[in-house]
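Reader: I have a protein model open and would like to learn how to read it. Please take me through its features one at a time.

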Amino acid sequence: MESSFLPSHFSVRSPITRETGRKNGWLLPRCVELRNYPSENSYLPTRLCLATANSGFRQEFHGVGDRDGVIIVDHGSRRKESNLMLNEFVAMFRDKTGYLIVEPAHMELAEPAIRDAFSSCVQQGANRVIVSPFFLFPGRHWHQHIPSLTAEAAREHPGASYIVTAPIGLHELLVDVMNDRIKHCLSHVAGDVDECLVCAGTGKCRQYD
C-alpha cells in the first residue's frame with residue numbers, strides 16, 4: 001500500500017511482523033504512526049495498521065490523548081498512609097506516561113471520591129474520562145460499584161464521555177513486581193537494605209522463628 005494519500009504528519013512504518021493465523025509468509029499491513037496530530041483528533045489511534053485488499057486484516061492501537069483524563073481508583077481506606085500511597089502511584093504513573101490529566105480517586109472511605117476526580121478532569125479540559133481500577137482482579141467493585149459511581153459522576157458533565165477499564169488482572173509484569181518485593185524483603189531481613197515504603201515504620205518485615 002502506498003503512502004501518497006497520507007497527510008504530512010503521518011509516517012508509514014514497514015511491516016515488522018507476520019500475521020498470525022494466516023498462511024505462512026503473509027505480512028501485516030503497513031502501520032501508520034500518528035505523530036503530532038492536531039489535538040482535536042486526539043482520539044485517533046497512536047498506531048493504525050491499515051486493512052489490505054487481499055487479507056482484510058485490521059489492527060488498531062489506541063492511546064490516551066490530550067483531551068483524555070485518567071482516574072486511577074482504589075478501594076479507599078480509613079488508614080491515611082494507605083490512601084497517600086495512591087497519590088504516590090499516580091505521581092509515578094503521570095511521570096512515566098507523560099499523560100496530561102491524571103487524578104487519584106477512592107471508591108469509598110476517603111477523598112477524593114470518583115465524583116471529585118471526574119469533575120477535576122473535566123475542569124482541566126478532558127472531554128473523555130478513563131477510569132482505571134487499581135484492583136488486581138475483577139469483582140463486585142469492578143462489576144457494579146465503580147461503574148455506578150462513575151455514571152453518577154458523569155451525569156453532572158453531559159459533554160463528557162467515560163470508560164471504565166479492566167482491572168490489572170493476570171499480567172506477566174506482576175511476576176517481576178512480586179519477585180522484586182520478595183527479594184527486597186529478604187534483603188531487609190538479612191540487614192542489607194532498609195524497609196520498603198510499604199513496610200516503613202511498621203516493623204512487620206521480619207523473620208518469625
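**Strand, pocket and patch**

Author: Start with I71, which is found in strand β5. This is a predicted model, with residues numbered from 1 along each chain as its sequence is written. Local features need pLDDT of at least 70, side-chain atom pairs count only at pLDDT 80 or more, totals for chains, interfaces and linings use all residues, and side-chain values use heavy atoms, with hydrogens and water left out.

Reader: What counts as a helix or a strand, and how many of each are there in the protein?

Author: Both are DSSP runs, numbered from the N terminus: helices are H or I with at least four residues, strands are E with at least two. Here there are 4 helices and 8 strands. Along the sequence, the pattern reads β-β-β-β-β-α-β-α-β-α-β-α.

Reader: Is I71 buried or exposed?

Author: Buried means under 20% relative accessible area, exposed means over 50%, and partly exposed lies in between (1.4 Å probe, protein chains only). I71 has a relative accessible area of 0%, so I71 is buried. Buried residues make up 29% of the 209 residues in the protein.

Reader: How do I read a pocket?

Author: Rolling a probe the size of a water molecule over the atoms shows where empty space is left. On a 1 Å grid over the protein atoms alone, a pocket is an open set of points where a 1.4 Å probe fits, with protein on both sides within 12 Å along at least five of seven lines; lining residues have an atom within 4 Å of a point. The largest pocket has a volume of about 1,600 Å³, the space filled by probe spheres set on the points.

Reader: Which residues lie nearest the centre of the largest pocket?

Author: F89, F134, I168, L174 and V177 do, out of 35 lining residues. β5 (68–74), α1 (80–97), β7 (128–133) and α4 each give two or more residues to this lining. α1 gives the most, with 10 residues.

Reader: What makes a nonpolar surface patch?

Author: Its residues have over 30% relative accessible area and no salt bridge, and nonpolar side chains (Val, Leu, Ile, Met, Phe, Trp, Tyr) are joined within 5 Å. A salt bridge is a side-chain nitrogen of Lys or Arg within 4 Å of a carboxyl oxygen of Asp or Glu. Here F134, L136, F137, I168 and L170 make a patch of about 530 Å².

Reader: Where are L136 and L170?

Author: L136 lies in the loop between β7 and α3 (140–154), and L170 in the loop between β8 (161–164) and α4 (173–189). L136 is partly exposed, at 45% relative accessible area. L170 is exposed, at 82%.

Methods:
Patch = residues over 30% accessible without salt bridge, like charges linked within 9 Å, V, L, I, M, F, W, Y side chains within 5 Å. Areas by Shrake-Rupley, 256 points an atom, 1.4 Å probe, with all protein chains shown as cover.
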